[in-house]
Amino acid sequence: MSATVLIGFGLASVLAGSAIAVFVLLLAAGGGDHTAVALPYVGRVLAFTLWQALLSTLLSLLAAIPMVRGLARQGRFPGRHWLLRLCALPMVMPTIVGIFGVVAVYGGSGYLAAAAAAFGLDWRPRLYGMAGILIAHVFFNLPLAIRLLLPAYAAVPAETWRLAAQLGMGGRDVFRLIELPLLRQQLPGIGIIIFMLCFTTFAVALTLGGGPKATTLEVAIYQALRFDFDLRLGAVLALLQVILCAGGAWAVWRTGRQMMLGNGSRLVIRRYDGDDAAARALDYLVILSGASFIGLPIFALVQKGLAGMGAAAAPGSLFQAALVSLGLGIAGGLLATLMGYLLAQARQRVISAGNRRGAILLGLVGRLGLFVSPMVIGTGIFLAATGRVDLYRLAIPGIIVLNAVMALPFVLGVLEPAITIAAERHDKLCAALGIRGWHRLREIDWPTLRRPIGTALALSSVIAMGDLGAIALFGNQDLVNLTLLLYGQLGAYRLDGAASTALILLGLALATYAIIERLVGGRELH
């Protein structure tokens, strides 16, 4: 067995062992506490978590289907490239920054309220609660659904569309006979992924929940540990989330289809069912509506951020918080990319050896961040350290590890397909020539994998930089990043200062992403 496989299985054992240790700690939590867990409270939290995740998923998919259909039917048109880039922005944007954009548009002092006042209407939208959570989730997940569905539409052979045109099939027939079977194949996997992302929501629910009635499991775990110090309740909630998310991860795996994030700029096939004026008008109306929904919060963020620079936090506080964000983000990204590369290489070696079960095991372990929430892992660390280790000293490594585990599934999503392609191209030749180890990595694999590794490192660093959960659990007055600073400003309704902080955090994240892709991936800056 190669060293890569041994390292991969060793890393998998560490991750799996850590998860098992978390379970044991959670089961043992509060062993001497005979107070009953508030079962009605747990039931309400679970019901709300499931309901908001289900509604968010349905709304995201229902909005994505007509927009993807319009993009596929109209092919290339002016602005398509920039529209798809706009769809990529919420995926790399720190969550708390996107939340501020949503507040700037749909909040009580946002664009909608200003528009109502301009028409003489005494109306203000009520953002906080279920409505705000749903709007924010659709804002983040609609672009994800679009970019996952576009490659599936592009995979339909061009001959299919030509044959449909020759047979005189109208839009309804094309949708029923060609698109609907495609959607039936793709939507379950995409829906489960979006559902799990919404189910494990933390920053959105914490910021926009608006009260106890809109509390999710992640927020309830955070409140139980950070404010109430109720270890028993935190343990029950964490175990409940692990069980439910494990079921969701199993469902993702059972869908059996590897989905890829397409940039959409090259995924254009000539279609003939959208050429008439009515179809064009409908498609462009849908595309414009979707683009406005995604773009308006980003525009509001930039506009309000520039206008609020005068009310920004003290330069010293901003600079220190930016350094903390940058340091924690890059450290978490490096750890996630290293773990992802080792796991992906080990999985590919195991696949080449014909060990399907070992490949499934490595794939599942690498995706612990999807079904063992970082908040749950943080709960285990919190319980293990309480009374034994100074949590103040544990804060930085704890945050880095949690952020790396959270970003690891996204790293694997980028690296696994690239490593599979590289293996199919080079494995036999390298084996015949005896090229292996460091020499193969430097001469063969690095030129092929440099761009995906750069993308994985950039993406994981930005994800870690924008995280709120880990630093909210382990942070203190001496360890504040821009995310935590922005959350405090939003909570205190200092919206002008929050606008400038959000814009600075967004600029830092985008600059970090672009620079890492340029330096590591060798891409040109755009």
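View 1. W51, L54, L58 and L62 together form a nonpolar patch on the surface with about 420 Å² of accessible area. Patches are made of residues with over 30% relative accessible area and no salt bridge, nonpolar side chains (Val, Leu, Ile, Met, Phe, Trp, Tyr) being joined within 5 Å and like charges within 9 Å; accessible areas come from the Shrake-Rupley method with a 1.4 Å probe, and for residues only the protein chains shown count as cover. The model is predicted, so that local features need pLDDT of at least 70 and side-chain atom pairs count only at pLDDT 80 or more, while totals for chains, interfaces and linings use all residues. Residues are numbered from 1 along each chain as its sequence is written, and side-chain values use heavy atoms, with hydrogens and water left out. L54 is found in helix α2, and L54 counts as partly exposed because its relative accessibility is 37%; buried means under 20% relative accessible area, exposed over 50%, and partly exposed in between (1.4 Å probe, protein chains only).

View 2. Helices (H or I, at least four residues) and strands (E, at least two) are DSSP runs numbered from the N terminus. With 36 residues, α2 reaches 53 Å from its first C-alpha to its last, close to the 52 Å expected at 1.5 Å a residue, where the expected span is 1.5 Å times one less than the number of residues. Just after α2, G75 takes a positive phi of about 60°.

View 3. Helix α12 (residues 277-307) has 31 residues and reaches 42 Å between its first and last C-alpha, close to the expected 45 Å. At G295 the helix α12 bends by about 35°, and a proline, P297, follows within four residues; the bend at a residue is the angle between axes fitted to the seven residues ending there and the seven starting there. Buried residues of α12 include D283, G290, G295 and P297, and what covers the buried residues of α12 includes α2 (39-74), α6 (130-154) and α21 (495-519).

View 4. A search of the whole structure finds three salt bridges, each defined by a side-chain nitrogen of Lys or Arg within 4 Å of a carboxyl oxygen of Asp or Glu. E179 forms one with R69, the closest N and O atoms being 2.8 Å apart; E179 lies in helix α8 (residues 171-199) and R69 in helix α2, so the pair ties together parts that are 110 residues apart in sequence. The side chains of D283 and R73 also meet in a salt bridge (2.9 Å, N to O), and because D283 lies in helix α12 and R73 in helix α2, this pair ties together parts that are 210 residues apart in sequence. D283 is buried at 5% relative accessibility, and R73 is buried at 7%. R347 and E416 meet through their side chains in a salt bridge at 3.9 Å, N to O.

View 5. I99 lies in helix α4 and counts as buried because its relative accessibility is 0%. Leaving aside neighbours within four places in sequence, I99 is in contact (heavy atoms within 4.5 Å) with F140, A203, V204, T207 and L208. The C-alpha atoms of I99 and T207, which are 108 residues apart along the chain, are separated by 7.9 Å.
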